[in-house]
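Dear colleague,

I am handing over the structure we spoke about, with the sequence alongside. Please look through it first, and then read the notes below.

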Amino acid sequence: MVGRRRDGASHSLRDCAPVPVDTRAVGKSYAPDLYAVGREKIREYASAVGETNPLHLDLDAARAAGHADLVAPPMFAVVYGMRALAPAAFDPEVGMNFAMTVHGGQEFQWERLVIAGDEISTATSVKGIEERGGMGFYVFETTSTNQRGEHVCTGIWTNIVRGVG
């Protein structure tokens with residue numbers, strides 16, 4: 001009896017009542033999260049995503065290219081950005097229904113390289129919450145700076161919640 005309860009009852013997420021979208025959290029900001037970038041974390045990330053550029057894997061190659069240590073791949077921004085995003089995404093005031101959430105997209109604008117040894121401070125804000133076509137669109141922005149106060153990266157993170165209304 002795969003897919004059915006023993007008592008014959010069925011349950012589906014489609015049977016859930018729509019949850020209204022609440023826009024009151026738009027503009028809300030969250031305390032910055034500090035992430036210490038480690039050499040081995042860069043290597044682990046680069047290996048996990050199949051990155052072969054020696055600047056991300058070989059300390060001697062990174063130093064020969066003029067960097068103090070390993071260079072993080074650009075999408076390493078997800079590592080320090082997601083940590084900072086989590087409090088906003090799970091904030092009850094934002095009101096995302098995770099059982100009905102799908103990934104909508106990510107956009108990044110990079111300004112500076114992230115190097116092992118950097119300390120990245122990332123602040124998050126709720127940029128938009130709206131309903132379109134029975135779906136809720138939740139847009140967050142992360143802004144990351146290094147220990148010298150230099151802007152490193154801005155991320156736009158979009159989550160879509162089905163069954164709102």
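Which residue takes a positive phi near 80 degrees in the hairpin of strand 4 and strand 5? It is G149, in a hairpin that has 5 residues between the strands. Before going further, please keep in mind that this is a predicted model.

Strand 4 and strand 5 run antiparallel and are joined by 11 bridges, and S144 has C153 in strand 5 as its bridge partner. Strand 3 and strand 4 also run antiparallel, again with 11 bridges, and here R132 is partnered by M135 in strand 4. The hairpin of strand 3 and strand 4 has 2 residues between the strands, and in it G133 takes a positive phi near 60 degrees.

The largest nonpolar core contains 31 residues, among which F76, Y80, V94 and F140 touch the most other members. Elements that give two or more residues to this core include strand 1 (29-36), helix 1 (39-48), helix 3 (77-89) and strand 5 (151-162).

As for aromatic rings, the structure holds 6 aromatic pairs. One of them is the stacked pair of F90 and F98, with 4.7 Å from centre to centre and 20 degrees between the planes; F90 counts as exposed at 60% relative accessibility, whereas F98 is partly exposed at 38%. Elsewhere, ring pairs link Y35, Y45, F76 and Y80 into a cluster.

Turning to charges, the count comes to 12 salt bridges. One of these joins R148 and D118, with 4.0 Å from N to O; because R148 lies in the loop between strand 4 and strand 5 and D118 in the loop between strand 2 (101-110) and strand 3, the pair ties together parts that are 30 residues apart in sequence. R148 counts as exposed, at 52% relative accessibility, while D118 is buried, with a relative accessible area of 4%. Both residues belong to a network of salt bridges that links R112, D118, R148 and E150.

R24 and D22 meet at 2.6 Å, N to O, with R24 exposed at 72% and D22 partly exposed at 27%. K41 and E44 have their closest N and O atoms 3.7 Å apart, and both lie in helix 1, 3 residues apart, which is about one turn of the helix.

With best wishes

Terms used:
Residues numbered from 1 in each chain as written. Predicted model: local features only at pLDDT ≥ 70, side-chain atom pairs only at ≥ 80, totals over all residues. Heavy atoms only, no water. Core = buried A, V, L, I, M, F, W, Y, C linked by side-chain atoms within 4.5 Å. Buried < 20%, exposed > 50% of the residue type's maximum accessible area, 1.4 Å probe, protein only. Helix = DSSP H or I, 4+ residues; strand = E, 2+ residues; numbered from the N terminus. Phe/Tyr/Trp six-rings, centres within 6.5 Å; stacked < 30°, edge-to-face > 60°. Pairing = 2+ DSSP bridges. Salt bridge = Lys/Arg side-chain N within 4 Å of Asp/Glu carboxyl O.
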